[in-house]
Amino acid sequence: MKKRNFGYLLAVVFGLLFLSVVNSDNPEPFLQRCPINPVFLNPPPENFGLLPHPVDLSHLQAAEVCIQALPVAWDWRINGGVTAVKNQGACGSCWAFAAMGDFESKVLIQQSLNYDFSEENLKECNYWGHNCGGGHAWSATNHFTREGVVLEACDPYHAYKTGNCNQTCGKIKQVTGWRLLPNDVTAIKQAVYQYGPVYTLIYASFPGFSTYDGSYCLYYTGTEAPNHAVLIVGWDDNMTHAGGQGAWIVKNSWGTSWGANGYFYIAYGSARIGEGSCYYQSYKHYDYLEMLGTLYSYDEAGWYDNWGWGSPNNVAYGLVKFIANKDECINAVDFWAVDDNMTYDIYIYDSFDGTNVSGLLHSQSGSCSLAGYYSVDLTSPVWVKKGDDFVVVIKFTCSGYYWPVPCDSFAPIEANKCYMSLSGGSGSWLNMASYARDVSIRARSKNHQPIFDSHDFNGNLASDVAIWRPTNGLWYIKDISTQQWGIEGDIPVNGLYNADITADLAVWRPTEGMWYIKNIGAYQWGTAGDIPVPADYNGDNITDIAIWRPSTGLWYLKGIGDYQWGQAGDVPVPGDYNGDGITDIAVWRPSEGRWYIRNIGSYQWGTIGDIPVPGDYDKDGKTDLATWRPSNGYWFIQYSGGGTASIQWGTSGDWPTPGDFNGDSSTDIAVWRPSTGYWYIRNIGEYQWGTRGDIPVVR
């Protein structure tokens, strides 16, 4: 983990040098930095762990949010939306506790899961180098979007700077949406009511705050700059105070012996509470497909400042040129929205030569009602090939604000990778390395990796419709049972581990490399980054524990041996390709569309963008080469017994789930549609089973 304290100071100095205003004698627009936060230039002499962010956010306005009428009072303590009060101790880490309290509350409200996430991991591992000397929501959010969060039990808190970033803990959740709010009572109430507690700032050095006992409502009219981060968890319009009525209910991070069991009540607007308000709107759990993907970005620190051409130019383009690490699918574009009520137009191109973009691969548009962090799923994923470049361009259109493009000033600054343009036209692009900036636009990929053949959970010799729900570890097996096995972050690896005819529930935990097989045992095999490939590799009719390591191409088969087969970027496709009753080691190489089957041969079938779906489609006891093409929903099958077939079944966004659903010993074509939870099994039927976020275990 690289720390950038020195780079941070250099960025501040550089940024001030570029702070400019339009010269009336020179009407030509020129690239310039946004207005600076006055508190950043003149921070308060005392802080409890809050550092001001460089950007002046006074342009943010109250956005209209259409929800039901707000109640006179609301309290997430009563409504089960807050986790335990914590104590930052003699460490200026309020920023970490307020941000983590916000994130924990969102998970508790949305999933009824009471997590204790690690402030220590955030404090010691964030890219800004923020620690006990203070920090802010930008550095916390950047860490949550890039690295995610880990459990307190794995990385417990210390009220001092340890200088040790623990990178061995398993990632649990990752932020995908963060929103900034104006200092407006109604807007903050709406966010608290609709989404949950809201991170906010306050001046905490006024008389009586440090000794507050919770028996009354605080009121302070001073205008000193905020120096503490806390969490608004509710309000009461009828609560009285020295200035009238109406107060926030706020969670502090000074332990339960302070205030009202760690909480306080303060009049709306007192001590500048409400400034810097923000909240986490969306997040995702770490599933194995995401972990095998890539986060493409150059903005290691996220949003430091933003640039544009000044008034009246409210439109600007940001461009980032990436090199694909492997053959994979770009499925999302992330960015920082610097204004409320702004729009974006995303374009993905094949190449950029420094002057012109070419080869449009995808485009889509949208809007942002609030400033913050957005992760936008592409309506049509873009496949890229290892070593090739691809270019993400975003046209940002603000509403009355003139510095639309988010940038990062922390080293390293990339050469010839990040550009800005006023028009987006040929020859208009400015290389942001000349301004010591990277453009804060990201691209995310998700690999589609089949794991193993379908399984039979009740011994009737047919595949069962079944899903595993990561959020609660429950297996939902249609018409059979619902059972709990596994936790979020695990990978389902069901199989015949004890030689009977009924599939056993099993998960592999990447963070530990442990296989947990229900009613059988737990076994350590593999490490984070491996791909589980359980199958019968020795012909004893028992599923063998096995992993494939993409970094080396090695297959590790427990109790059998180690074999080198394949390379990074390949997809493991084990199967019985010669019908001898033993699973063969095999990979499919997307860049070539070629299948490499150990001790058998290599065969060209499929193309980049396809998903391999091997199975016995012609009922001859041998695994057939087959791919499914998401772009048109076609299944392309090369039968081992001779002949080929192309069958349309499914649409983009579906998950291929081939299996023997009628017990006739041949693989049936099937897809599961996450958007509706429907299984579509060709020539058999349609079944609603599961919901978005589930993982089908018949694939």
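Predicted model: local features only at pLDDT ≥ 70, side-chain atom pairs only at ≥ 80, totals over all residues.
Colleague: What makes helix α5 largely enclosed by the rest of the structure?

Modeller: Helix α5 covers residues 137-146, and nine of its ten residues are buried, so the rest of the structure largely encloses the helix.

Colleague: Why is the pairing of R146 and D299 called a salt bridge?

Modeller: The side chains of R146 and D299 come to 3.9 Å, counted from N to O, and because the rule asks for a side-chain nitrogen of Lys or Arg within 4 Å of a carboxyl oxygen of Asp or Glu, the pair qualifies. Across the interface of domain 1 and domain 2, the rule finds one salt bridge, alongside 17 residue pairs in polar contact. On the side of domain 1 that touches domain 2, α5 and β3 (173-180) each supply at least two residues, and β3 gives the largest share, with six residues.

Colleague: How do you know what area is buried between domain 1 and domain 2?

Modeller: The value is the accessible area that the two parts lose on being put together, summed over both, and for domain 1 and domain 2 this comes to about 2200 Å², with 59% from carbon and sulfur atoms. Y127, W128 and R146 provide 27% of what domain 1 buries against domain 2, more than any other three residues.

Notes
Residues numbered from 1 in each chain as written. Heavy atoms only, no water. Buried < 20%, exposed > 50% of the residue type's maximum accessible area, 1.4 Å probe, protein only. Helix = DSSP H or I, 4+ residues; strand = E, 2+ residues; numbered from the N terminus. Buried area = accessible area lost by both parts, 1.4 Å probe. Polar contact = N/O pair within 3.5 Å; in protein donor to acceptor, adjacent residues only side chain to side chain.
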